[in-house]
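Here are my comments on the model you sent over.

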Amino acid sequence: MITLKVGDKAPNFEAFDQEGNTIKLSDYKGKKLVLFFYPKASTPGCTMEACNLRDNYQTFLAKGYAILGVSADSAKRQQNFIHKNELPFPLLADEDKTVINAFGVWGPKKFMGREYDGIHRATFIIDENGSIEDVITKVKTKQHTSQILK
C-alpha cells in the first residue's frame with residue numbers, strides 16, 4: 001500500500017492518456033501536479049471527484065497546478081468519461097497498473113463485506129521539482145478541491 005510520504009521524490013512514470021499520447025512525470029517539471037488515482041471511470045464517486053476538480057480547474061491553473069487522473073480503465077473508457085463530463089484534464093489509461101503500483105495505490109479493499117484487490121482513491125500533490133508535497137488518502141469526492149488547496 002501507499003508508502004510514499006511528503007518529501008519523497010515522486011516515482012518517475014510514463015503512460016498513455018485517453019488519446020494515446022505518452023505522458024511522463026518530466027512533462028510537468030516546473031509545475032505543481034495534482035495526480036489523482038480513482039477506482040473506475042463513470043462510477044458515482046469517481047464522477048463526483050473528477051467534476052469537483054473540473055469545476056475548480058481555472059483556480060488550479062491560476063495557482064500553477066496541472067491535473068492528471070489515473071485509473072486502470074481503457075483509453076476508450078477514459079475518453080468517454082472525459083467527453084461525458086467535459087473534463088479539461090488528461091486521464092491515464094494505466095491498464096497494466098505500472099503507475100498505480102509505482103505510487104502504491106493498488107491493494108486489498110473491502111466493500112459490503114467482500115474483500116478484493118483494487119485501486120485506493122488517493123491524490124498526490126507533486127511540486128515543481130518532482131517531490132511529493134502532500135498525500136491525501138481520505139478523499140472527500142465532493143470537496144476534493146478544498147482538501148488540495150487547503
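1. Terms and overall make-up. The model is predicted. On that count the protein chain has five helices and nine strands. From the N terminus, the elements read β-β-β-α-α-β-α-β-α-β-β-β-β-α.

2. Overall dimensions. The radius of gyration of the protein chain is 14 Å. The globule rule gives 15 Å for 150 residues, so the chain is as compact as a globular protein of that length. Along the principal axes, the C-alpha atoms fill a box of roughly 40 × 35 × 30 Å.

3. The five-stranded sheet. Which order do the strands of the open sheet take? The order is β5-β4-β3-β8-β9, and the pairing is mixed. β5 (91-93) and β9 (132-136) stand at the edges. Each has a single partner strand, so one side of each is left without a neighbour in the sheet. Neighbouring strands of this sheet are turned by 20° against each other on average, direction ignored.

4. A pair within that sheet. β3 (residues 32-37) and β8 (residues 122-126) are antiparallel, with five bridges between them. Phe36 has Thr123 in β8 as its bridge partner.

5. A helix on the sheet. Helix α3 (residues 75-85) lies across β4 (65-71) and β5. The helix runs at about 160° to β5.

6. The hairpin. β6 and β7 pair in the antiparallel sense over six bridges. Pro108 stands opposite Asp117 in β7. Two residues lie between the strands of this hairpin, and Met112 takes a positive phi near 50° there. That residue deserves a look in the viewer.

7. The largest pocket. How much space lies in the largest pocket? The figure is about 170 Å³. The lining consists of Pro39, Lys40, Ala72, Asp73, Lys97, Trp106, Lys109, Tyr116, Gly118 and Ile119. By class, the lining residues are five nonpolar, one polar and four charged. Gly is counted as polar in this scheme, and Tyr as nonpolar.

8. Which strand gives the largest share of the lining? β7 does, with three residues.

Note on methods. Residues are numbered from 1 along each chain as its sequence is written. This is a predicted model: local features need pLDDT of at least 70, side-chain atom pairs count only at pLDDT 80 or more; totals for chains, interfaces and linings use all residues. Side-chain values use heavy atoms; hydrogens and water are left out. On a 1 Å grid over the protein atoms alone, a cavity is a set of points where a 1.4 Å probe fits but cannot get out, and a pocket is an open set with protein on both sides within 12 Å along at least five of seven lines; lining residues have an atom within 4 Å of a point. Grid points are joined across faces, edges and corners, and a volume is the space filled by probe spheres set on the points. Helices (H or I, at least four residues) and strands (E, at least two) are DSSP runs, numbered from the N terminus. Two strands pair if DSSP finds at least two bridges between them. Axes are lines fitted to C-alpha atoms, for helices over the stretch in contact, and angles run from 0 to 180 degrees between N-to-C directions. Contact means heavy atoms within 4.5 Å. The radius of gyration is taken over C-alpha atoms; the globule rule is 2.2 Å times the number of residues to the power 0.38.
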